[in-house]
Amino acid sequence: MNNWSSPGPDGLHPFWLKHTTILHNRIAAQLNEALQTSSVPDWLTHGQTYLLIKDPAKGRSTPGNYRPITCLPNLWKLFTGILSDSICSHLVSTDLFLEEQKGCKRNSRGCKEQLAIDKLILRHCKRTRGNLHMCFIGYQKA
């Protein structure tokens, strides 16, 4: 987390989470309790949503011309980041991550990396006049 990124509704910058080390044990205990009881406080998961206009030329009257951005509390980002790291470590250590998997993977550019690989493969097949069969499956973002 960047030190001075948006604090979200909790008003807490990541800088303070990192540098008030006296609170680290207490925060860890609270997050562990939430994990063990499968219960998190409501305030931890509520965010502020802002609508950003995509294309000013299309005007403000078109609802589809807005993109929602939700600022969540930084404690929630910390909690989900810890969980994500733990899950990723498990998947890597048990070889459950496929080599082809690029999204949600450490040191990966995700979609950009996949597109670069696809471009190289297409270029190679074109140059060698080789046969190529491809299938793309598109998933819509949640």
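In which helix does asparagine 74 lie? Asparagine 74 is part of helix H4, which spans residues 74-93. The legends below refer to a predicted model.

View A. Leaving aside residues up to four places away in sequence, asparagine 74 touches Met1, Ser5, Ser6, Pro7, Asp10, Leu12, His13, Pro14 and Leu17.

**View B. Stacked pair of tryptophan 4 and phenylalanine 15.** The structure holds 4 aromatic pairs. In one of them, tryptophan 4 and phenylalanine 15 are stacked, at 4.7 Å centre to centre and with 20° between the planes. Phenylalanine 15 belongs to helix H1 (14-19) and tryptophan 4 to the segment before this helix, so their pairing ties together parts that are 11 residues apart in sequence. Tryptophan 4 has a relative accessibility of 52% and therefore counts as exposed, the limit for that class being over 50%. Phenylalanine 15, at a relative accessible area of 22%, is partly exposed.

**View C. Edge-to-face pair of phenylalanine 15 and tryptophan 16.** The ring centres of phenylalanine 15 and tryptophan 16 are 4.8 Å apart, and the angle between the planes is 90°. Tryptophan 16 is partly exposed, its relative accessible area being 42%.

**View D. Ring cluster of Trp4, Phe15 and Trp16.** Ring pairs link these three residues, Trp4, Phe15 and Trp16, into a cluster. Phe15 takes part in the stacked pair with Trp4 and in the edge-to-face pair with Trp16.

Technical notes
Residues numbered from 1 in each chain as written. Predicted model: local features only at pLDDT ≥ 70, side-chain atom pairs only at ≥ 80, totals over all residues. Heavy atoms only, no water. Phe/Tyr/Trp six-rings, centres within 6.5 Å; stacked < 30°, edge-to-face > 60°. Helix = DSSP H or I, 4+ residues; strand = E, 2+ residues; numbered from the N terminus. Buried < 20%, exposed > 50% of the residue type's maximum accessible area, 1.4 Å probe, protein only. Contact = heavy atoms within 4.5 Å.
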